[in-house]
There are 2 protein chains.
Amino acid sequence: MNRIRPTPGEWEILQALWKLGPATVREVHESIAAERPVQYTTTLKLMQILAEKGLVARDESARAHQYRPAVEREDLQADAAEDLLERVFGGSAAELMQRALSRRKPKKSELKELRKTIDAWEGRKG
Amino acid sequence: MNRIRPTPGEWEILQALWKLGPATVREVHESIAAERPVQYTTTLKLMQILAEKGLVARDESARAHQYRPAVEREDLQADAAEDLLERVFGGSAAELMQRALSRRKPKKSELKELRKTIDAWEGRKG
DNA sequence: TGTAAACTACGAAGACTTTCGTTGACAACT
DNA sequence: AGTTGTCAACGAAAGTCTTCGTAGTTTACA
């Protein structure tokens with residue numbers, strides 16, 4: 001029940017790690033710096049904090065440490081989604097869905113995918 | 001494009017105001033204090049901050065000021081949902097959906113409602 | 001060997017958030 | 001009039017988050 005709530009900065013690092021696979025600070029930093037201006041030591045610090053918190057693991061055998069996520073992406077995503085669902089949508093998934101797409105004119109393919117997700121549920125359980 | 005991001009404490013107040021309708025600090029406070037322990041002045045301070053930020057309006061003509069939301073609930077919810085969608089789910093609504101319900105065994109009625117929401121979209125636009 | 005480059009570690013500033021105590025005004029009651 | 005209760009305003013402490021500079025170490029190489 002106790003949710004892990006990475007900060008926005010921490011999410012950014014984690015997303016980069018999931019995208020890159022095990023990576024050094026330098027690699028993560030360049031991935032992020034391609035999107036927005038940020039100093040190397042800022043990225044480093046965030047990654048050290050994540051390591052302290054146990055959200056990433058690191059291999060220190062090489063001089064440039066290798067980092068990798070130490071938690072399942074799906075679990076963190078579920079934590080985040082549930083948190084929003086409860087705090088902001090009073091538990092109504094339909095409302096969450098509706099608001100998430102309300103300003104966005106979802107594509108047909110997206111709707112199809114959503115339908116498929118729901119079908120999978122229906123099949124799995126009532 | 002610039003999203004309004006109430007803090008968790010601010011959300012709590014806003015939810016109470018949407019539930020209660022225009023209300024005094026005392027009323028909001030008692031609604032919240034029924035859920036968790038909190039001092040009156042804490043609630044007051046949050047509401048003053050919300051007023052400063054323009055997220056609530058207040059009528060000061062009576063001694064006990066009357067507060068009401070000054071922004072649309074739907075807009076704030078959309079801001080919050082979009083933020084999560086982008087930051088955590090890379091824009092994939094289907095994944096958001098899936099994670100939001102993954103540990104929850106959604107009820108049939110809930111799935112039906114979701115389907116209805118999607119149908120509404122399909123009808124409104126492709 | 002000595003200088004430059006690449007790293008990690010560390011600390012700290014500045015902003016934001018939450019929480020609450022204190023103060024002073026006003027009101028109600030005795 | 002004096003005491004008690006309710007209210008808004010304010011300030012400030014404690015915690016968190018982001019950001020970056022500085023220091024010190026190791027590696028590369030001229």
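Mentor: Start with B:Arg99, which is buried at a relative accessible area of 12%. Keep in mind that this model is predicted.

Trainee: Why is B:Arg99 called buried?
Mentor: Buried means under 20% relative accessible area. B:Arg99 has 12%, so the word applies.

Trainee: What makes B:Glu95 partly exposed?
Mentor: The class runs between the 20% and 50% cut-offs. B:Glu95 has a relative accessible area of 23%, so it belongs there.

Trainee: How do you know that B:Arg99 forms a salt bridge with B:Glu95?
Mentor: A salt bridge needs a side-chain nitrogen of Lys or Arg within 4 Å of a carboxyl oxygen of Asp or Glu. The closest N and O atoms of B:Arg99 and B:Glu95 are 3.9 Å apart. That passes the 4 Å limit.

Trainee: Why are B:Arg99 and B:Glu95 separated by about one helical turn?
Mentor: Because they are four residues apart in helix α5 of chain B.

Trainee: What makes A:Asp79 and B:Arg103 a salt bridge?
Mentor: Their closest N and O atoms are 2.4 Å apart. The limit is 4 Å, so the pair counts. This pair crosses between chains. A:Asp79 is in helix α4 (residues 73-89) of chain A. B:Arg103 is in the loop between α5 (93-101) and α6 (108-124) of chain B.

Trainee: Are the two partners, A:Asp79 and B:Arg103, buried or partly exposed?
Mentor: Take them one by one. A:Asp79 has a relative accessible area of 9%, so it is buried. B:Arg103 is at 44%, so it counts as partly exposed.

Trainee: Which residues are linked with A:Asp79 in a network of salt bridges?
Mentor: A:Arg3, A:Glu82, A:Glu86 and B:Arg103 are linked with A:Asp79 in that network.

Trainee: How do you know that A:Arg103 and B:Glu82 meet in a salt bridge?
Mentor: Their side chains come to 3.0 Å, N to O. Again, the cut-off is 4 Å. This pair also crosses between chains. A:Arg103 is in the loop between α5 (93-101) and α6 (108-124) of chain A, and B:Glu82 is in helix α4 (residues 73-89) of chain B.

Trainee: What makes B:Glu82 buried, and A:Arg103 partly exposed?
Mentor: B:Glu82 has 12% relative accessible area, so it is buried. A:Arg103 has 44%, so it is partly exposed.

Trainee: How many salt bridges does the rule find across the interface of chain B and chain A?
Mentor: Ten. One joins B:Glu74 to A:Arg99, with the closest N and O atoms 3.9 Å apart. Over all chains, the structure holds 28 salt bridges.

Trainee: Which elements of chain B supply the side that touches chain A?
Mentor: α1 (8-20), α4, α5 and α6 of chain B each supply at least two residues. The largest share, 13 residues, comes from α4(B). By class, that side of chain B has 20 nonpolar, seven polar and 17 charged residues.

Trainee: How much area do chain B and chain A bury between them?
Mentor: About 4400 Å², with 61% of it on carbon and sulfur atoms. The contact takes 44 residues from chain B and 44 residues from chain A.

Trainee: Why is B:Asp83 called buried?
Mentor: B:Asp83 has a relative accessible area of 12%, so it is under the 20% cut-off. B:Asp83 lies in helix α4 of chain B. Leaving aside neighbours within four places in sequence, B:Asp83 is in contact with B:Arg3 and B:Arg5.

Trainee: Now the DNA. How many residues surround DNA strand D?
Mentor: There are 24, and the closest are A:Thr7, B:Arg26, B:Tyr40, B:Arg58 and B:Arg63. By class, they are eight nonpolar, eight polar and eight charged.

Methods:
Residues are numbered from 1 along each chain as its sequence is written. Chains are lettered from A and ligands numbered from 1 in the order in which they are written. This is a predicted model: local features need pLDDT of at least 70, side-chain atom pairs count only at pLDDT 80 or more; totals for chains, interfaces and linings use all residues. Side-chain values use heavy atoms; hydrogens and water are left out. Buried means under 20% relative accessible area, exposed over 50%, partly exposed in between (1.4 Å probe, protein chains only). A residue is near a molecule or strand if one of its heavy atoms lies within 4 Å of it. Ala, Val, Leu, Ile, Met, Phe, Trp, Tyr, Cys and Pro count as nonpolar, Asp, Glu, Lys and Arg as charged, and the others, Gly among them, as polar. Contact means heavy atoms within 4.5 Å. Buried area is the accessible area (1.4 Å probe) that two parts lose on being put together, summed over both.
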